[in-house]
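Reader: Hi! Could you walk me through this one?
Author: Happy to, here it is.

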Amino acid sequence: MNNYGYDLSGVELDTALPDLVAEGDELDALVSARPDWSIPTPAVGWTIAHQIAHLA
C-alpha cells in the first residue's frame, strides 16, 4: 500500500478501511440517483461533477 509519505502508524486500518468503503458506498448511492451531474451544489460555482472530481 502506498502511504504517499504520510505517517500512518497511528491509523487502525482494520477500523478505517471498512469505514472508508461504507462512505464510498453511500456517496455512490447518492450520485448514482442523479443522472445529470451538471446540477449546481451548495458550493458556489461547483456542480456535482466538480465535487466528484475533487474527491477523486
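What follows is a short chat about the chain, its fold and a few residues.

Author: A note on how to read it: this is a predicted model, where local features need pLDDT of at least 70, side-chain atom pairs count only at pLDDT 80 or more, and totals for chains, interfaces and linings use all residues. Residues are numbered from 1 along each chain as its sequence is written, and side-chain values use heavy atoms, with hydrogens and water left out.

Reader: Thanks! How many helices and strands are there in the protein chain?
Author: The protein chain has two helices and zero strands; these are DSSP runs, numbered from the N terminus, with helices (H or I) of at least four residues and strands (E) of at least two.

Reader: And is the protein chain spread out or a compact globule?
Author: Its radius of gyration is 15 Å, well over the 10 Å that the globule rule gives for 56 residues, so the protein chain is more spread out than a compact globule. The radius is taken over C-alpha atoms, and the rule is 2.2 Å times the number of residues to the power 0.38. Those C-alpha atoms fill a box of roughly 40 × 20 × 20 Å along the principal axes.

Reader: What share of the residues counts as buried?
Author: Of the 56 residues, 7% do. Buried means under 20% relative accessible area, exposed over 50%, and partly exposed in between (1.4 Å probe, protein chains only).

Reader: Where does Thr-47 sit, and what does Thr-47 touch?
Author: Thr-47 is in the loop between α1 and α2, and counts as buried at 16% relative accessibility. Not counting residues up to four places away in sequence, Thr-47 touches Trp-37, Ser-38, Ile-39, Pro-40 and Thr-41 (contact means heavy atoms within 4.5 Å).

Reader: Switching to His-50: which helix is His-50 in?
Author: His-50 belongs to helix α2, residues 48–55. At 40% relative accessibility, His-50 counts as partly exposed. Its C-alpha atom is 19 Å from that of Asp-25, which is 25 residues apart from His-50 along the chain.

Reader: Nice. And Leu-17, which helix is that in?
Author: Leu-17 lies in helix α1, residues 13–32, and is partly exposed at 43% relative accessibility.
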